[in-house]
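Q: I'm new to reading protein models. Could you walk me through one, feature by feature?

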Amino acid sequence: LINKRAKLLLKTGSKAYRPRRKGERKKKSVRGCIVGPDIRVLNLVVVQKGPGEIEGLTTENIPRRLGPKRANNIRKYWGLLKTEDVRKFVIARTYTNKAGKEV
């Protein structure tokens with residue numbers, strides 16, 4: 001375990017590598033598992049909410065900027081029946097066109 005990048009020879013079954021041909025191996029630069037001050041971005045996923053609140057993460061409800069596009073996904077998102085019109089529930093993005101009019 002080191003606190004910097006290391007070159008490893010990766011093969012089938014290795015993390016972060018998917019071989020394209022049978023028996024293919026590739027030398028890639030990978031980072032260790034130690035989280036240090038030199039890491040710029042750390043991507044995380046909240047799996048389970050604990051008893052305490054995290055300021056700015058679990059205290060605020062941020063709405064989705066864009067909704068689903070396909071009809072079945074719109075029905076699933078809003079809990080609609082097959083007979084209901086999904087066009088009324090589309091979340092469209094708003095933008096300003098060249099004339100300065102918001103669409």
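**Reading the model**

A: The secondary structure here comes to one helix and two strands, where helices (H or I, at least four residues) and strands (E, at least two) are DSSP runs numbered from the N terminus. Starting at the N terminus, the order is β-β-α. This is a predicted model, so local features need pLDDT of at least 70 and side-chain atom pairs count only at pLDDT 80 or more, while totals for chains, interfaces and linings use all residues. Residues are numbered from 1 along each chain as its sequence is written, and side-chain values use heavy atoms, leaving out hydrogens and water.

Q: How do I read burial, and is Ile 74 buried or exposed?
A: Look at relative accessible area: buried means under 20%, exposed over 50%, and partly exposed in between (1.4 Å probe, protein chains only). Buried residues make up 9% of the 103 residues in the protein. Ile 74 is buried, at 3%, and sits in helix α1 (residues 71–78).

Q: Which residues does Ile 74 touch?
A: A contact means heavy atoms within 4.5 Å. Leaving aside residues up to four places away in sequence, Ile 74 touches Pro 68, Lys 69, Leu 80, Val 86, Phe 89 and Val 90.

Q: What about charges: how many salt bridges does the structure hold?
A: Side chains of opposite charge can pair when their charged atoms come close. A salt bridge is a side-chain nitrogen of Lys or Arg within 4 Å of a carboxyl oxygen of Asp or Glu. This structure holds two. One joins Lys 49 and Glu 53 (3.3 Å, N to O); Lys 49 is exposed at 53%, and Glu 53 is partly exposed at 47%. Another links Arg 87 with Asp 85, their closest N and O atoms being 3.1 Å apart. Arg 87 is exposed at 68%, whereas Asp 85 is partly exposed at 30%.
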